[in-house]
Protein chains: 2
Amino acid sequence: MALPARRLPSATLRLAGKSWIRPCTLRRIASIGERSFSASSRWQLHTKELTEELLGSLKVNQSRLMEDIHHTCQWGTGLRWGSARTETGMSRLSLTDADKQAREWFIGTTQALGCKTTIDSMGNIFAVRPGIRNDKPPTFVGSHLDTQPSGGRYDGILGVTAGVEMLKVLADNWVETEYPVGVVNWTNEEGARFPISMVSSGVWSGSIPEETAHNLREVHPGNATMASELSRIGYLGQTPCSYESFPMAAHFELHIEQGPLLEMSNKKIGIVTGVQVYRWFTIKVIGRDTHTGTTDLKSRADALLTASKLVLHSHRLATANSALASTGILTLKPGSPNTVPGEVTFSLDIRAPTDSTVETMTQLIESDFPKIAAGENVLGSNENCTSGLPCDITITLDSDSPATTFHPDCISAVTRSAQSALGEDAKALTMEMTSGAGHDSVYTSKRCPTSMIFVPCREGVSHNPAEFCKEEDCALGAQVLLQSLLRFDRIRDERRVTWKQEPYIL
Amino acid sequence: MALPARRLPSATLRLAGKSWIRPCTLRRIASIGERSFSASSRWQLHTKELTEELLGSLKVNQSRLMEDIHHTCQWGTGLRWGSARTETGMSRLSLTDADKQAREWFIGTTQALGCKTTIDSMGNIFAVRPGIRNDKPPTFVGSHLDTQPSGGRYDGILGVTAGVEMLKVLADNWVETEYPVGVVNWTNEEGARFPISMVSSGVWSGSIPEETAHNLREVHPGNATMASELSRIGYLGQTPCSYESFPMAAHFELHIEQGPLLEMSNKKIGIVTGVQVYRWFTIKVIGRDTHTGTTDLKSRADALLTASKLVLHSHRLATANSALASTGILTLKPGSPNTVPGEVTFSLDIRAPTDSTVETMTQLIESDFPKIAAGENVLGSNENCTSGLPCDITITLDSDSPATTFHPDCISAVTRSAQSALGEDAKALTMEMTSGAGHDSVYTSKRCPTSMIFVPCREGVSHNPAEFCKEEDCALGAQVLLQSLLRFDRIRDERRVTWKQEPYIL
């Protein structure tokens, strides 16, 4: 019988090493020489001593996990899509008051489970549970608690709450890991409020200068910066945001797939081997404000008409190159029904499985966009149009995330954990896949072994209030996450000598 | 020598009829039997007694007019385009604090010139200078003091300040008109803040229900209504906004052309014979929010891609039908760089010289837009595109302004005034034309004889901070406006018997 986490005195749990004492209220079954989690001959179980069977018997608590997910969704509740209590989306933009409340829950809960929490200068929160060798970096699971403005309850939130559930299972079962383990909540993963996604893991990995991140201005209404909001909500931590100041041994991330492939092929677990390439651009089109009634089509430099041609052209290029092209933000000036817009700014998100395809797309955009804005008929863009005055185009590259390949040892830990969790059906119910979306794991993978676990979401819908993942799929993913972390902890111990080249492992 | 208006005691001027007394400080030249405006054998001149020569010698004061224009531009000053003091645009949205200040200037100035001011329930301000027959409706000149968010110093403002200058010239020269004359400032002509243009002359003419106008919600940020803002700035007048409560005998409007035709053909005065047709639509495209990285092109219902196709298609239809199609506002949801927008709303402004062309455009839009949103390849819209999920389209007609033909007597008054002002060059320097833009004169023409006077603006640029009209062109336009009003006053008197069918003339 597992002891509910809340009954464990956290002061005791905070002590590292073997000195923990199991409260005597626990039932003890004398089965000397054979260990289980309801009955043990010792007060403490070490991961390196776990058999496959014992590992498999460590179970996440599905209803407790779901309670945590929905409990945290009281902060920043979004649009309703169904009639049940939990059938709403989420709107918890990073560093808002709602995000602060979710962060406080995370810190309070992980501290009560015996973790030490550290906040770095990007507001990333690292909750670390001590192991035996606490002079070494922790093995982490993690994701993010911020959401899109009209997002759902699973993207990011599942990964963090599954990490909390992992801590609860370890506490319930008195498991002591060889190395410290932890859960990380990354700041502004979505890039929805401050427009660089995964910006804080990007700073941690040294890929994005902290100054750039701190100076990022919110999309709406545009007055606050990341630094000002971190400071306002009290999450501008003292620890420098850096893999050097706060190293990780590994990073595992559980996430909904956000696409339709697992569901369409009736799979339960996606073993994520890497992440597709993406580049984010900002395109600015400068024309001239003129009156809609008095300016003939020839005398116009219509920035919105030009932007429309460019959005359509980006889609045609994506179609021709088996890539993705998407515009999620478009703003125009001055914004009056009888004024031809003189200025349009829009985002352009280009993705493909390979670096070379994204590079080809980039080159085509850079060569075609100015031609189209000048009135040239590229791929039919200006077919049957009136030739007006040219518009000026500027193309700015905001983010560049090359193809990411995850670490074979992490992938292997996930594969073996999925096999353990699914048993005989493992082969039929798992598939290796590439992530279409960027995740904080892209940046962690630059500095430590990393991989991800995907679970199916209904109709592949994500970044939408109706985003949904079945309870049993959430729990199955959390189960694989838990085992993956424990397997990696064992691998670290087994390879103490041979992995000397991995600075954060030993 | 003309007496500066400010030296006239306004209490005296407010008295109607022949009892006004010219201050004895004025120099009197005894030239009995011959009248002029620097020397007169009588203290009072009546318009019906003016010879062509005397009419022509009534001159507007160019520098005083320009001072008034730029003085009023201190309220709501916009973007700078040049280095001189007056080289900025305007941003004076209707019923803002800046608009209130401009209104207060208008009321103070016209009252000081002997006018009685009336504010109606749409905040329209009518400043009326008494004539001899004050039991009849006044002849008006007018326009509007509100501007586009990034508008210029001439659109609307020229028409109102030229009206004020007209009052000053009449006062300076002790002209007494047969009928009362006035200047009107119409509310929210631009439709930039509350999205129906010419809404308040529309209510006055009985074309737009007052309730609709009062409930109009501002475009940004969307909390205030016209009624709440009228009330807030103290311009919700007691007089019902209606041609029945406040009739006009005629309406003359001086305006910059806002297009390039006068400048391109080296003309100085446009004699406006009518206004082209326009219709305003709101188009709503409903797709589905999805993640940009994980949703393949086939699985998307991309509302912005669809909207881009529709904007481009409207331009192609306009090209094919010799019409105009313009989108000045486009908003999308949810607005995040890595979320495919699930909802886009945009404005569509269709114009053409004839009702039948606009009707054809309407029918094409109504039939083609849903097809394009469903993936059909209309005029190449979906050529080389990936066939995704369909989007839903709703098309709402917001405004419908049929072709307007101005009144022949007003057009004739303008033509003769232009001939008088331009002398021998009149034929070379004037042209009859149709207005591309809507103006309050469209609505007044439904209820009283109306016409307009256009002056050239640089490169046809309008609704832009750099909108510019030469000082001599402003003054020439004001000169033609002044004369047109006086000529119409004389016509009213001459036709007292024969015009019995014109209810507001006699």
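**Chatting through a two-chain model**

Biologist: Let's start with A:Thr319: what is its relative accessible area?

Modeller: The value is 27%, which means that A:Thr319 is partly exposed. Buried stands for under 20% relative accessible area, exposed for over 50%, and partly exposed for anything in between, with a 1.4 Å probe and protein chains only.

Biologist: Before we go on, what sort of model is this?

Modeller: It's a predicted model, where local features need pLDDT of at least 70 and side-chain atom pairs count only at pLDDT 80 or more, while totals for chains, interfaces and linings use all residues. Residues are numbered from 1 along each chain as its sequence is written, chains are lettered from A and ligands numbered from 1 in the order in which they are written, and side-chain values use heavy atoms, leaving out hydrogens and water.

Biologist: Thanks! Back to A:Thr319, then: which helix is it in, and which residues does it touch?

Modeller: A:Thr319 belongs to helix α10 of chain A, residues 303-321. Helices (H or I, at least four residues) and strands (E, at least two) are DSSP runs, numbered from the N terminus. Leaving aside residues up to four places away in sequence, A:Thr319 touches B:Leu297, B:Asn384, B:Cys385 and B:Thr386. Contact here means heavy atoms within 4.5 Å.

Biologist: How are the two copies related?

Modeller: Chain B superposes on chain A by a rotation of 179 degrees with 0.0 Å of shift along the axis, at an RMSD of 0.1 Å. The two copies are therefore related as by a two-fold rotation axis. In chain B, B:Ser308 has the C-alpha nearest that axis, 2.1 Å from it.

Biologist: Tell me about α10 in chain B. What does it span, and what caps its N-terminal end?

Modeller: Helix α10 of chain B (residues 303-321) has 19 residues and reaches 27 Å from its first C-alpha to its last, close to the 27 Å expected. That expected span is 1.5 Å times one less than the number of residues. The cap on the N-terminal end of α10(B) is B:Asp302, with a side-chain oxygen 3.1 Å from the backbone nitrogen of B:Leu304. Of the 19 residues of α10(B), 16 are buried, so this helix is largely enclosed by the rest of the structure.

Biologist: What about A:His463: buried or exposed?

Modeller: Buried, at 1% relative accessibility. A:His463 has a positive phi of about 55 degrees, although it is not a glycine, and lies in the loop between β20 and α15 (471-494) of chain A. Most residues other than glycine have a negative phi, and most peptide bonds are trans.

Biologist: Where are cis bonds, then?

Modeller: One joins A:His220 and A:Pro221, with omega about -10 degrees. Another runs from B:Lys333 to B:Pro334, with omega near 0 degrees.

Biologist: Switching topic: which strands pair with β9 in chain A?

Modeller: Among them are β6 (residues 139-143), parallel to β9(A) over 3 bridges, and β20 (residues 450-455), parallel to β9(A) over 6 bridges. Two strands pair if DSSP finds at least two bridges between them. A:Thr139 has A:Ala250 as its bridge partner in β9(A), and A:Phe252 stands opposite A:Ser451 in β20(A).

Biologist: How many residues of β9(A) are buried?

Modeller: 7 of its 7, in residues 250-256. Both faces are covered, with A:Ala250, A:Phe252, A:Leu254 and A:Ile256 on one side and A:His251, A:Glu253 and A:His255 on the other.

Definitions and conventions. Least-squares fit on C-alpha atoms with pLDDT ≥ 70 in both. Polar contact = N/O pair within 3.5 Å; in protein donor to acceptor, adjacent residues only side chain to side chain.
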